[in-house]
Amino acid sequence: MSEGVTPLPRLEEIRERIDQVDQRLLELLSERARLAHTVGEIKRAEDGAGSVQFYRPEREAQVLRRVQGLNPGPLDDASIAWLFREIMSACLALEQPTRVAYLGPAGTFSQMAALRQFGHAAELVPCHSIPEVFRAVASGNAAYGVAPVENSTEGGVAQTQEALLAHDLSICGELALRIHHQLLSNSGTLAEVRRVYGHAQALGQCRRWLDEHLPQAERVPVSSNGEGARLAAGEEGAAAIAPELAAELYQLPILAANIEDEAHNTTRFVVLGTSDAGPSGEDKTSLAVSTANQPGALYQLLKPLAERGISLTRIESRPVRARAWEYLFFIDLEGHRLEPRVAEALRELEQHAAWLRVFGSYPKAVLKA
């Protein structure tokens with residue numbers, strides 16, 4: 001060995017140190033779980049006979065942002081956030097299992113989003129459609145729901161927008177999920193594929209790839225990508241556009257990987273509950289508004305926001321079904337509706353609007369998957 005070179009520690013020494021760290025981690029995790037249980041007891045005592053809300057989206061967002069800010073590496077921020085989300089999920093399950101509705105069956109991107117947002121200790125409830133996700137929360141069959149609201153290439157998800165208008169639920173969280181579509185099939189080659197199942201959004205996000213590689217195949221829209229994978233698993237000459245999770249669940253080989261047309265394809269999901277989240281310090285507010293069909297009407301709606309320096313992160317128009325050539329505007333803006341400037345802007349906006357509905361205020365997405 002050369003002079004001045006520090007010898008590496010022996011493998012046994014490193015493993016012994018890892019064991020010691022694991023023991024300390026276990027002790028600290030147990031202490032955290034006990035403290036979380038004490039918080040639950042305090043909430044029960046303060047709330048009396050009422051229903052205790054253990055899951056607090058704003059508090060979780062604050063914890064995740066804090067640990068990411070303290071992260072010294074080498075684990076990246078996304079990994080740290082995922083680890084702490086799972087810790088909080090396990091601690092929450094000690095107090096009350098969280099039932100979360102999602103667009104099923106198993107193997108959908110909605111299931112992936114629900115797991116990312118609530119952790120693996122949550123009890124996931126698969127639903128046959130997006131409206132059923134809303135009904136599950138509205139009826140109390142699930143405490144929360146997860147639904148896709150917009151895609152970076154295909155735009156807003158119409159079923160979710162319609163369900164938001166039809167139900168008296170609040171958006172209390174959001175999650176952005178990178179979408180990688182796999183073509184799953186028992187067929188050995190693309191030439192054998194005669195039919196492709198997929199959610200309408202997935203078919204749209206892979207349109208150019210399908211035009212080039214499977215121009216002969218029928219494209220069949222289904223209620224979810226998981227349902228498409230289930231159908232393809234039992235049908236000769238069929239394929240499905242679905243996440244890798246579905247390949248494992250339905251034992252379908254990946255015939256072609258990452259077939260989405262846009263490399264940065266991302267879907268934004270919203271978390272649905274019966275009440276708003278409190279302010280977390282970095283929040284958004286979602287609403288829908290309609291205006292009279294007259295010159296300058298949209299300008300008058302947006303003016304109260306612009307005058308107070310409130311940024312819009314999304315604005316999308318959608319036809320009003322009952323009246324021809326009238327439109328609703330779905331708007332996401334930065335800030336919580338309890339913040340004074342946002343509250344003032346919303347009050348002024350309501351004066352100029354023909355109709356206004358605030359869907360909720362909630363923490364900005366922390367986990368970027």
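Helix 11 and helix 12 cross in a right-handed way, meaning that the near helix is turned clockwise from the far one by less than a right angle. Helices here are DSSP runs of H or I with at least four residues, strands are runs of E with at least two, and both are numbered from the N terminus. This is a predicted model, in which local features need pLDDT of at least 70 and side-chain atom pairs count only at pLDDT 80 or more, while totals for chains, interfaces and linings use all residues. Residues are numbered from 1 along each chain as its sequence is written, and side-chain values use heavy atoms, leaving out hydrogens and water.

**The helix pair**

- Helix 11 covers residues 297–307 and helix 12 covers residues 340–352; they pack at an angle of about 165 degrees, with axes 8 Å apart.
- The two helices are therefore roughly antiparallel, a label for angles over 145 degrees.
- On the helix 11 side, the contact (heavy atoms within 4.5 Å) is made by Gln300, Leu301, Pro304, Leu305 and Glu307.
- Helix 12 brings Ala345, Glu348, Leu349 and His352 to this contact.
- Sorted by class, the contact has five nonpolar, two polar and two charged residues.

**The largest pocket**

- The largest pocket holds about 410 Å³ of space; a pocket is an open set of points on a 1 Å grid where a 1.4 Å probe fits, with protein on both sides within 12 Å along at least five of seven lines.
- Of its 16 lining residues (those with an atom within 4 Å of a point), Arg32, Ala36, Val39, Phe54 and Arg59 are the closest to the centre.
- Helix 1 (11–47), helix 2 (57–70) and helix 3 (77–95) are the elements that each give two or more residues to the lining.
- Helix 1 supplies the largest share, six residues.
- The lining has nine nonpolar, one polar and six charged residues; Asp, Glu, Lys and Arg count as charged, Ala, Val, Leu, Ile, Met, Phe, Trp, Tyr, Cys and Pro as nonpolar, and the others as polar.

**Backbone details in the loops**

- Take a look at Gly73 and Pro74: the peptide bond from one to the other is cis, with omega near 5 degrees.
- Pro74 sits in the loop between helix 2 and helix 3.
- Gly104 and Pro105 are also joined by a cis peptide bond, with omega about 0 degrees.
- You can find Pro105 in the loop between strand 1 (99–103) and helix 4 (109–118).
- Gln251 is not a glycine, yet has a positive phi of about 50 degrees.

Technical notes:
Points joined across faces, edges and corners; volume = space filled by probe spheres on them. Axes fitted to C-alpha atoms, helices over the stretch in contact; angles between N-to-C directions. Parallel < 35°, antiparallel > 145°, perpendicular 65-115°, else oblique.
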